[in-house]
Structure formats: C-alpha cells, structure tokens
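I opened my notebook today to look through a new model. Here is what I looked up, one entry at a time.

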Amino acid sequence: MARSRSQTFTLLTSLIFILFALALLPATASASTPPQHSPKADTDLICHTSDPKDCYPRIFQPTDEFQTVHDDQELPNGLHVRMNIWTGQKEAKINVPDESDPALEGMPVDQAVIVVDPQSEDAPKIPKGAPAYEPVGKVKGPQHEAQSFLDAMKMLKSGVIESDEAFDTSLEALEDISHDMYYGLKTAENLDVVKALFCLMEQQGIEPVNGATPRDQQAASIISAALQNNPASLKAVADNWDGIMGTKCPATETSLNDLFYSSFVPSPAGTSKISEEAAASKAKAKISAINGLIKDPSIRRQFIDNGGMERLLEVLIVNLETVKPSSKENTRDWKTAQRRVGQLVLDNFLDEDMGANVGEWPTAPKLPEGECSVGVENKAGCWDFHVQDIMSKNKGDKSHWSRDLHQALGVARKQMGSSERKEL
C-alpha cells in the first residue's frame, strides 16, 4: 500500500513538471521571435462597399505567389514588390533571396535597370565608309513638285522675267511654300536662287506692281521661311556663306557683303516716298531672316565682326515721333521691328534658356551716357543707353520687351567685368 502511494506521488510530480515546462514554451518563443504585428492588425479590414467580399486586410498578407497590393494597404518590410509600368498596379509576395525573374533571363541587369552594352557582339556593326549620322533625318519630298515652285526657281535662276506681275506672283507663291521643310531645303540648296534672293533683299526703290508686296521685303520673307525650324536648310546656306557674300549683284555691281551690312534704315535725305513707307516692313522681314541665319555659329561670328549688331541698333534708334510718312500703321510697324530686334538679341546672345551662346556678345564695353545721347549714335557700347531709353518711354507697360533686354544686358555687363578682372 505504501509502495502504491509512492508511485502515485512520483507520477503526479512528473505530470506537474511536464505541464510547467509546456507552460514556459510560448513565453520563450515570444521572447525570441517578436511578432511583426499584433493579432488585431491581422483582422483589421478595409471595406469600401457593404459587400464583405470586397474587403481586404489593412496589412498586406504575403504568400509565395504575387498578389495585387491595394493603394491603401500597408506593406510589411522585406517583400518582393513589383509594379506594372503601364497600369501602375503593384504586386507583392514573400521575398526569396537569389530568386531570378524568368522574364529577365539572359539579360544583364543592375538594380532592376537593363544594361545594354554597345560593344557587345550582338550590337549592330557600323559598316566602313557609312555616311555620318544625320539627326534631322531625310526630308521626304512630295510625289510631284508644285509647279509654282518650279516656275519661281526657274525665274530666279535665269534672271529672265516674263512680266513684272508674273515674277511678283512667283515670289509670293515661293514664300508660302518655303515654310515646308522640303521646299525650304530645295530653295536653300540652290546657290543661284539663294544669291538672287539676297540681291533682291538688298535692292531698294522698286515700285510694287498692282499692290504686290515689295520684292526686297518678299525676298527677305522667303529666306526667313526657308530657314525657320529647318536645320538642313540652314546648313546648306552656311556651307556656301562665303560664296554668297562675295557675289556681286547685277543691279548695283556691289558685293552682297557690303549690301548685307548696310543700313537697315533709309536716310531721310534722298529716299523715295515708296522706300520710306516700306522701310519698316522690310526691316521686320530682314530681321527675321537674320534671326534664322545667325543660328549658325560661323555666320553669327561674321555678323558680329562685320558690325551687324550696330545695324540692328539703328532700328532701336528710330524716332517713332518723326517717322515719315507719319501714320499709326507705319509707327506700329517700326515698333514691331524694334521688338523683333530685342527678341533676336535675347534669344541668340543673352538668354541661355532659349539656347543663346552667352558670352559671345556684347564685345564692346558700355559707353557713358554722354557719348550715346548726342545725336543718333549706333556705337556698339550704346546698346544699354538706347534700350533703357525705350524702357523709360514704355514705363507703364510692365511686360514690355525692353525690360527683359535691359535686365539681361545688365547681367551680361557684370559677367564681362568679372571676366576682365580674372584676365588681369
């Protein structure tokens, strides 16, 4: 009986010990591996509708397969997340170290960015003697060239004019069609045509026929249209620039270089009424042509060296109150010409955001006010004075172009002073 009690006591003691050990296991596990989130978080649901099927856990529950991640779900750390770049939809699953994506097999990747080695054996080989890469690409022409274009080109090349009216009509048609990249390039590629257009642009005093646009203005407009947003056309003219400027125009036997850099503004004495009335319109057209031409660095450099900027300054000096004949329309045309000069200077020399080659101009130091206010002075150092004078006359217009030009000139002058001090 005593033996039976002893055995019973031993069994009870062992049972208590086992139960005590089992009770300790959850506490130990909890201490060594803390949960990523509370049990309550697992049961928190997000529901956008009253249908329970549309609900999903607030905290994303990953599996071994990719599942859609909702925009308002929280993502635990350490998951493998991917996104569809077309739809913006995110997917996630349990991350498996060193797991590869079958879609990227055989492709070198670096931080999920595909790296293409241009020197690899699979890269296309450029044949020896292949033409240089042309960023503009081939300008595709029409199936049949316009007859009006062919007629104008023929007249300009030969110099034979069937009648004044026919020639003026051809020039107008050529201006319209030269805005097209193909016809603009074809115009610029024909050296005889380009020379004829420049000679016409510098010819003065020709009376229009039947109210047609004056030929000098029309020629300037054609040059401007052919060059506008047409790099291939500009290159064709730039490649022949020295030959163009060395041409002697038949009507004057004067070189185009001398005519091109002559005054934009007709002198009060010895000019016909026609040239005075058309002067502003021609100035506007020629400024637009120059704006297209000086996009080429070599032409721009020659333009500065030959005093082209002083010719432009003459337009700013025009006294609008004494313009003859004094009319609102003529005054408005001169104001437009002045604005085009201001924009040309900003876009090509002072405003880097517009692609200007900052530091190329101005080259002459700023002159004192006394050297610019006496008479009509178009000296290189007088730009600041005359721009400020125009700004003062338009002080009520906060958006006037002269304000931007005046400010940009001031910045350029500071940079010039800084450069001069560094050289010293």
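**Confidence first**

I checked the confidence of the chain: its mean pLDDT is 79, and 71% of its residues reach 70 or more. pLDDT is the predictor's confidence in each residue, from 0 to 100. My ground rules: this is a predicted model, where local features need pLDDT of at least 70, side-chain atom pairs count only at pLDDT 80 or more, and totals for chains, interfaces and linings use all residues. Residues are numbered from 1 along each chain as its sequence is written, and side-chain values use heavy atoms, with hydrogens and water left out.

Where pLDDT is low, the predicted coordinates should not be read in detail.

**A hairpin**

I turned to strands β4 (residues 79-83) and β5 (residues 90-94), which run antiparallel and are joined by five bridges. Strands are DSSP runs of E, at least two residues, and helices are runs of H or I, at least four, numbered from the N terminus; two strands pair if DSSP finds at least two bridges between them. I found V81 opposite A92 in β5. The two strands form a hairpin with six residues between them, and G88 in the turn has a positive phi of about 80°.

**Two helices**

Last, I looked at where α5 meets α6: T187, A188 and E189 in α5 touch L191, V193, V194 and L197 in α6.

Key
Contact = heavy atoms within 4.5 Å.
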